[in-house]
Amino acid sequence: MERLQKVIAQAGIASRRKAERLIAEGKVTVNGKVVTELGTKVGLSDKIQVNGIPLEQEEKKYFLFYKPRGVITAVRDDKNRKVVTDFFPHVEERIYPVGRLDYDTSGLLLLSNDGEFTHLLTHPKHEMPKTYVAKVKGLPSRETLKQLEKGIQLEDGKTAPAKAKLLSADKRKNHAIVEMTIHEGRNRQVRRMFDAIGHPVVKLKRERFAFLTLHGLNAGEYRELTVHEVKRLKVLAQTGQ
Ligand code: URA
């Protein structure tokens, strides 16, 4: 179920604010009844009309994108910097990112116009596993990496158990490559966790989201998820399997 104004906005006929105005003015009906309440929730089977014209709900789209570094996870930017949707010039649906990656982080980012799907996959309760590969300063010991696994006290609380694995260490250059899987999605979480153990991140890439990988894609490229992948993600979020 989605909020009525959001469904109208996603159908591409008005901005969210304009949709709210249309509702308040009594121009919108749901299953033949005028609805003026803004928070009204509607589902796929509800028949919505705006000014007497039936709303065509947008086809649901799901993309797996290899976000390059130096791109903002947003659909627009006040300062005109590159945003992720700039890489989808031929997609007409109003897609938006599912979660976020920092400006300087590269890697796997999902985009969709399906609000329920986005909510499901980003809700902390559903604990979707996300795997990052980080180049960090210094050479973290096994004991230090164990701290990441047990949980780190950050200013917004202790992190949930993670998995951390040393992939390689370069003594001469004094940096290491560490793979880490987390189940949360707090702001700059991976960077803050490595800061906390004294090994700041130099470079960060998200390699996997649940069972999805970047296989076959170069930075800046995307592909559509298959129907099966979408179903599997939903089941995983709902049941953990
Ligand atoms: N953690 C971070 O620190 N940055 C990201 O972009 C994603 C997770």
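I count a polar contact as a pair of N or O atoms within 3.5 Å; within protein, one must be able to donate a hydrogen and the other to accept it, and residues adjacent in sequence count only if both atoms are side-chain atoms.

The model is predicted, so to speak of local features I need pLDDT of at least 70, and of side-chain atom pairs pLDDT 80 or more, while totals for chains, interfaces and linings use all residues. Numbering runs from 1 along each chain as its sequence is written, and side-chain values use heavy atoms, without hydrogens and water.

Entry: A polar backbone atom of R191 is 2.9 Å from an oxygen atom of the ligand. The ligand, taken alone, exposes 240 Å², and the protein buries 96% of that (Shrake-Rupley, 1.4 Å probe). V190 puts a backbone N or O atom 3.1 Å from a ligand nitrogen. For R188, a polar backbone atom is 3.3 Å from a ligand oxygen.

**Entry: the shell.** I listed what surrounds the ligand (a heavy atom within 4 Å): L101, D102, T105, Y132, R188, Q189, V190, R191 and L204. Four of these are nonpolar, two polar and three charged. Helix α5 (residues 189-196) gives the most, three residues. Helices here are DSSP runs of H or I, at least four residues; strands are E, at least two.

**Entry: domains.** Why does the ligand lie between domain 2 and domain 3? Domain 2 (62-125 + 212-239) and domain 3 (129-209) both give residues to the shell, so the ligand lies between them. The bounds come from an automatic or database assignment.

**Entry: backbone angles.** I noted E127, a non-glycine residue with positive phi, near 45°. E127 is in the loop between α3 (115-122) and β10 (130-137).

How values were computed. Nonpolar A, V, L, I, M, F, W, Y, C, P; charged D, E, K, R; others polar.
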